[in-house]
Amino acid sequence: MSKDAILSAIRRGLKRGPLPADQRAMLDGRLATHPRHLIPARSRVPRPEQVALFVRNVEKEFGSVARVAEAKDVPGAVADYLAAQNLAPRFVLAPHPDLAALPWSDRPMLEFEARRAQATDLVSVQHGYAAIAETGTLMLPSDPARPTTLNILAETEIVVLRASRIAGAYEEAWDLLRAERQDATTGGFMPRNVMLVTGPSRSADIEQTLELGAHGPRRLHIVLVDDDPAALPAS
């Protein structure tokens, strides 16, 4: 069913036609200006504290973080995490050029395929688009080079994220997405899907008992590349 058909069905249900011109202009103006709402003060801190806040919030939500100095250190961090979790050194890798350029050959025991995830994949390594410090949340827009299946099907998800891509508040992360993306068909910025991931999948629906991996990965590990000098902790 097309977008127009869906909207027409909604209008029929509401027993009205298209919006009057003045209401349409008001809504178009609101969408164009992206008005800010109240932004929590906890995210209005210097860069080192923003990154530290992101790490604390990830860990508070049952995730884990390993910080590395340079991108070339990522394969070693992935190998170390898999060994620490007693997992096989095998994973599905997002077919993103940033990940493809990493020196995986430095760790010859690692085995991977660059593709979408399948139900049989136990570990995925995803490219992190951006993150939000105020809640420890990853922003993962769908993309051929960043398949959404990597965020859902594997029991263990590892996300490679650059510290320079950590925003303080949600509004700043959306600003980043708007500035960097434009859909050739619609002219808009929205991809098909944007996943906001805060910690591993979990649910306490049954008897209020927390169960990790209820609807997706039971482990979420972030390899954080310290590529932002302004975000480095004080020595």
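Okay, quick one: Ala, Val, Leu, Ile, Met, Phe, Trp, Tyr, Cys and Pro count as nonpolar, Asp, Glu, Lys and Arg as charged, and the others, Gly among them, as polar. Keep that handy.

What you see here is a predicted model, where local features need pLDDT of at least 70, side-chain atom pairs count only at pLDDT 80 or more, and totals for chains, interfaces and linings use all residues. Residues are numbered from 1 along each chain as its sequence is written, and side-chain values use heavy atoms, with hydrogens and water left out.

The protein has six helices and twelve strands; those are DSSP runs numbered from the N terminus, H or I of at least four residues for helices, E of at least two for strands.

Now, the largest pocket. On a 1 Å grid over the protein atoms alone, a pocket is an open set of points where a 1.4 Å probe fits, with protein on both sides within 12 Å along at least five of seven lines, and lining residues have an atom within 4 Å of a point. Its volume, meaning the space filled by probe spheres set on the points, joined across faces, edges and corners, is about 430 Å³.

Who lines the largest pocket? Among them are K3, L7, R16, P18 and D28. Helix 1 and helix 2 (21–33) each give two or more residues, and helix 1 gives the most, with five. By class, the lining has seven nonpolar, no polar and five charged residues.

Let's stay with L7, which sits in helix 1, residues 3–14. Its relative accessible area is 33%, so L7 is partly exposed, that is, between buried (under 20%) and exposed (over 50%), using a 1.4 Å probe and protein chains only.
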